[in-house]
Amino acid sequence: MDIKNDPTHFMETRSYCAALRRLQSAQKPAAGTPLYSRLVNRPLGRRLAALSYLGGLTPNQVTCISAVFTFSAFVIIASLPPTWWMGVLVSALLVFGYALDAADGQLARLRGGGSAQGEWLDHTVDVAKAVGLHLAILITAYRHFELSVVWLLVPIAYAVVDSVMFSSMLLKDLLAARQLGGKAPVSSASTSLVRAIMVIPTDYGFFCLTFVLLGQPLLFFSVYVFLFACNAIILVLVLRKWFRDMGSLPS
């Protein structure tokens, strides 16, 4: 039978398209979202969420599949000598894992709303990613990069920066919602393209793409150090802002 004339295929396609339309109308605000996450990861996650919906997967299952792809990349980074093909493989695993990380929340909205359990699982995996990736880089840098020992402090410091950034952001939103009677605070972040470009160094998706350089350790580590410096500066700036924001909340 011609697939174009197959009524089952038509119904599945229509369901997929309907799921995409529902997701497009229920997107989270783009305020503060870096360029890669806004233009690539969210649309890709939306398509994976629609496919997961048709496949009967739950958001928690999608979160776990995302973790498998991501943590597999960590194991490869830490255990294998860096080569060009390994860098491409690692980047692909991280990118797909990140897209699935965007899909779990969208799938939850498509199914009528998420749960506290699902949100806890998602954030727990995110924290593990924030620390685990830098520790994997620390291991491969120690084993395979021709670097002075002092440079090994960079992955450790980067892990601290990412952990503080993530936990402080979550705590800020949690405390603000509690002080506002359970209402989510209105974001003051800009949705402009210029801002989305400026915060690219904080974009995990962009970071995933840099692993294609892993076969050239000096180039990869130079980019890594640059991203660390950018993130450290941005962390100082946002912590000052968030501290002021907390002070302006009603007591």
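Residues are numbered from 1 along each chain as its sequence is written. In this predicted model, local features need pLDDT of at least 70, side-chain atom pairs count only at pLDDT 80 or more, and totals for chains, interfaces and linings use all residues; side-chain values use heavy atoms, without hydrogens and water.

The chain holds nine helices and zero strands, where helices (H or I, at least four residues) and strands (E, at least two) are DSSP runs numbered from the N terminus.

| Quantity | Value |
|---|---|
| Buried share of the 251 residues | 39% |
| Contacts joining residues at least 24 apart, among those at least 6 apart in sequence | 81% |

Buried means under 20% relative accessible area (1.4 Å probe, protein chains only), and contact means heavy atoms within 4.5 Å.

Helix 6 covers residues 153-179 and spans 38 Å from its first C-alpha to its last, close to the 39 Å expected at 1.5 Å a residue; the expected span is 1.5 Å times one less than the number of residues. Its buried residues include Val154, Tyr158, Met165, Phe166 and Lys172. Helix 5 (116-144) and helix 9 (217-247) are among the elements that cover the buried residues of helix 6.

Thr210 sits in the loop between helix 8 (204-209) and helix 9. Thr210 is buried, at a relative accessible area of 8%. Leaving out residues up to four places away in sequence, Thr210 touches Phe220, Val223 and Leu227. A polar atom of the Thr210 side chain lies 2.6 Å from the backbone oxygen of Phe207.

Note on methods. Buried means under 20% relative accessible area, exposed over 50%, partly exposed in between (1.4 Å probe, protein chains only). A polar contact is a pair of N or O atoms within 3.5 Å; within protein, one must be able to donate a hydrogen and the other to accept it, and residues adjacent in sequence count only if both atoms are side-chain atoms.
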